Amino acid sequence: MTLFWPLAAAAMLVAAIVVAIRAGRRGLRERIRKEWGRPVDRDRNMVAMAASHRSRGAEAGTAAASLDDRTWDDLHLDAVFAALDRTESTLGQHALYHRLRTTPVGDRLDAFEALVNHLTADAPARERAQMALARLQDPHGYDLWRFARPGAITIPAWHVLFPIITAVTLSLLLLLPFRPALLPPFVGLLAVSFVVRMVTARQIAGVTSAFRQVAPLVAAGEALCFLDGGDIDPLIGSLRSEVPRLRRLKNIARWVSEDPLMISVSWNVLAIAVTDFCNLIYLYLNLLLHLDENGVYFGARDVRLHGASLVRVVAAVGEVDAAISVASYRAGRSDWTRPHFSPPGSPAVLTDIRHPLLVDAVPNTITLRAANGVLVTGSNMSGKSTFLRTVGVTTILAQTINTCLATVYEAPIFKVQSCIGRTDDLLAGKSYYIVEVEALLQLVRSSTEAAPHLFLLDELFRGTNAVERIAAGQAVLAELVIFNRGSAPNPVKRGSAPHPRKTGYLPDPVKTGYAPNPHPVRTGGP
């Protein structure tokens, strides 16, 4: 009879957990369906995403293939990212951000397009994937890329003290009912354990914060293994090959997690209550038994052995979420198209392009020919700079997510660089004039590369007087449009043959607007 009430309480707790899980899943599915095809208003940690992107590029040795900060800021791509972002997880946010910043072409673009199409056509599969991804919303998910580094987790030899303390604590706890005399040593051990935790808390907190994400990550990877197909395997095929290697690490990391049951809370009151109760129990058990320190201690070996597998799973899970986000963006608009990429040297035809941040934007059309600049002019406040940004953003979206707001997009693959916005560098003691000069010098150096470039320039040298401004702007345009000629004619004048080595494209606004003579452009302010 004495066991009845404890057993009844345990049964009620299990029943509450089951009900909470089902209710949470039901609420999550309803939210997913409600938000499909719509923008999501949420806080976004752009600084953390940028840092995670740089970390990923550094580890992969692809840092040079990242869209530069100036171009990213000039084109307001943080805001464009927010308009595209309908992801469920921080890993998906990272993957989408990383894809947009990867230049000139997003990783495995054909496979990404196939994955977007697959998730668009199969709504049940998409919702199943979204529900698996919803457990990966912790901001520390951005830190998972650190596990790619050699020695990402270093465990000092004295950390063997944690499993020893845990084993002794459990032994004393089990013996106390039979040996009350062990109470003083037990209390003393608790005091020592508490001191050890306080001393090591700061050192181990950074590792455990990221390590807590391993269990839900691997669980999500297991849940996504149903996605299959030869056309998408180059992007996410690593899920089936790498996830089985991480199951032991998942079981260890699960008890480092503050939410070992990994309940999808959604907005269900019962799910929140059960989760909070379980977290409270975990908090006291962790304080007593050092669950997080033990998890890191025993899991460090698996991280060293399977760190590369873990990172590949992070990338694959993130790509699934990024593809769902793009599919949702497409579902919410009817004015998008897939780009067609032509060989280098071909004309670039951008028909009826629109800026993704503008509501009811007036479409514009432009044709760019190899080794020719375009001088765009117009009155103040006529939309010249917006038009420039539209050309740049359209090109980047076409080359990274295979999606652009246009009727026709047919162009070679460009490396996009800009000099539109300008500001001084207070810490370096540089005026915005010298900052602009240095940026333009970098563009001139880039123009010597063989790959086609798209340079976007807006009202050059506004930081100096009119005479010097015009002369300097003319010199820069002559260098970009007529590469390395002995005597450069006026770059605004048409009919002068460009140097055959020049392969760059230059829709260039010294004063921006639309007039790419001799090729007609349909005009209209965005």
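Student: What lies over the face of Phe 112?
Tutor: This is a predicted model. In it, Arg 99 lies over the face of Phe 112, at 4.0 Å from the ring centre.

Student: And which charged end sits over the ring of Trp 36?
Tutor: That of Arg 126, 3.7 Å from the centre of the Trp 36 ring.

Student: Now ring against ring. How many aromatic pairs?
Tutor: The count comes to 5 aromatic pairs. One of them is Trp 72 with Tyr 97, which is tilted, with 4.9 Å centre to centre and 55° between the planes.

Student: Where in the chain are those two?
Tutor: Trp 72 is in helix H3 (residues 69-74) and Tyr 97 in helix H5 (residues 90-101). They are 25 residues apart, so the pair links distant parts of the chain.

Student: Are Trp 72 and Tyr 97 buried or exposed?
Tutor: Both Trp 72 and Tyr 97 are buried. Together with Phe 81 they form one aromatic cluster.

Student: Why is the pair of Phe 341 and Tyr 409 edge-to-face?
Tutor: Because their planes are at 75°, and planes over 60 degrees apart count as edge-to-face. The ring centres are 6.5 Å apart.

Student: Where do they sit?
Tutor: Phe 341 is in strand S1 (residues 340-341), and Tyr 409 is in strand S5 (residues 408-411). This pair also links distant parts of the chain, 68 residues apart.

Student: How does Tyr 409 count, buried or exposed?
Tutor: Tyr 409 counts as buried because its relative accessibility is 2%, and the cut-off for buried is under 20%. Phe 341, at a relative accessible area of 26%, is partly exposed.

Key: Residues numbered from 1 in each chain as written. Predicted model: local features only at pLDDT ≥ 70, side-chain atom pairs only at ≥ 80, totals over all residues. Heavy atoms only, no water. Phe/Tyr/Trp six-rings, centres within 6.5 Å; stacked < 30°, edge-to-face > 60°. Helix = DSSP H or I, 4+ residues; strand = E, 2+ residues; numbered from the N terminus. Buried < 20%, exposed > 50% of the residue type's maximum accessible area, 1.4 Å probe, protein only. Lys NZ or Arg CZ within 6 Å of the ring centre and 35° of its normal.
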